[in-house]
Amino acid sequence: MKTRITELFGIRYPIIQGGMHHVGYAELASAVSNAGGLGIITGLTQPTPEDLAREIARCHDMTDQPFGVNLTFLPSFKAPPYPEYIDAIIEGGVKAVETAGRSPEQYMPQLKAAGIKVIHKCTSVRHALKAEKIGCDAASVDGFECGGHPGEDDIPNFILLPRAAEELTIPFVASGGMADGRSLVAAMALGAEGMNMGTRFLATKDAPIHDNVKQAILEADELQTRLIMRNLRNTERVMNNAAVEEIVRIERERGEAETIDDIRHLVTGVKGRLVLQEGKMDEAAWSCGMVAGLIHDIPSCEELISRIMADARAIVRERLTGFLA
């Protein structure tokens, strides 16, 4: 399949694995890239720029296909040394960066001077237009359905994608609610030129996370996620568990007086790692999309991407073309 996204990143299929904290290691990124998509190492999962450099080298050892690195610019308890992380990306020969959170504008000169293609994750049309204006090569348009941070506008992809198509000139992929061949065809019908998947890639054999997490996604339906940190205007969609129930209780009690310190012990990356890496499912909130309701197996990335592409072709050539007859 050929779209502006496959051409931009030099990949066979317009499928991107989004950056995910404590998930986006070389094992998953290389598996996605070897299967024809664009695998993504999560930069800030690595404690230092030197650690990221080693992870990039490991990924090069595991695939000869293009892969990228995610850099998320979000409010944090301690600002990471972003220029040094970008240096590690450049020196590692990585040619694609997925940015998310706050605008990457101040880092764009460093990235573009190195010939790196930048795709920025956006939860609104206005943010996507700003990404285009500052020189991003593509956008990942993130609907309200997504796991992680869906923004504050609450616009689902059935509206957000065609609105993006009306306004943008750079290519974009659909993110949030993406799981299978149906997702890809629908996203492209609405104007996207590919799709980004996070939660779906969690439930694969190649995801370097605990089996308890994969099983929780498999057993969940579309009603199992909750929204937290709305009072802080840093909304996150997470899988419901005991930690999330406690966060919701605190947020209900504190209301507009809530601060991050009220829930810090339940949302830090250190606690999230206990869930993802050790399978302690009630230790912390962990990001998960509503798309969990569409996930019914745990394939390899190769099996998943091959199936997505086969199903997409069948939907276009048989089901949709049949309607025209």
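Predicted model: local features only at pLDDT ≥ 70, side-chain atom pairs only at ≥ 80, totals over all residues.

## Nonpolar cores

The largest nonpolar core has 78 residues, and those with the most contacts inside it are I15, I89, F201 and I217. Helix 14, spanning residues 301-324, supplies the largest share of this core, namely 7 residues. At least three residues of this core are drawn from domain 1 (4-208), and at least three from domain 2 (225-287).

Once residues up to four places away in sequence are set aside, I217 touches T199, L202, A203, M239, W286, C288, A292 and I295. In soluble globular proteins, nonpolar side chains tend to be buried together.

## Helix 8

Within helix 8, which covers residues 181-189, the buried residues include G181, S183, L184, V185 and A187. The buried residues of this helix pack against helix 7 (157-167), strand 7 (172-175), strand 8 (195-197) and helix 14. Helix 8 is followed by G191, whose phi is positive, near 120 degrees.

## Helix 13

In helix 13 (residues 269-278), the buried residues are G272, V275 and L276. Viewed down the axis of helix 13, these buried residues fall within an arc of 85 degrees, so they line one face of the helix. An α-helix has 3.6 residues a turn, so residues three or four places apart point the same way.

The buried residues of helix 13 pack against helix 10 (211-219), and just after helix 13, G279 takes a positive phi of about 75 degrees.

Key. Residues numbered from 1 in each chain as written. Heavy atoms only, no water. Core = buried A, V, L, I, M, F, W, Y, C linked by side-chain atoms within 4.5 Å. Buried < 20%, exposed > 50% of the residue type's maximum accessible area, 1.4 Å probe, protein only. Helix = DSSP H or I, 4+ residues; strand = E, 2+ residues; numbered from the N terminus. Domains from an automatic or database assignment. Contact = heavy atoms within 4.5 Å. Arc of directions from axis to C-beta.
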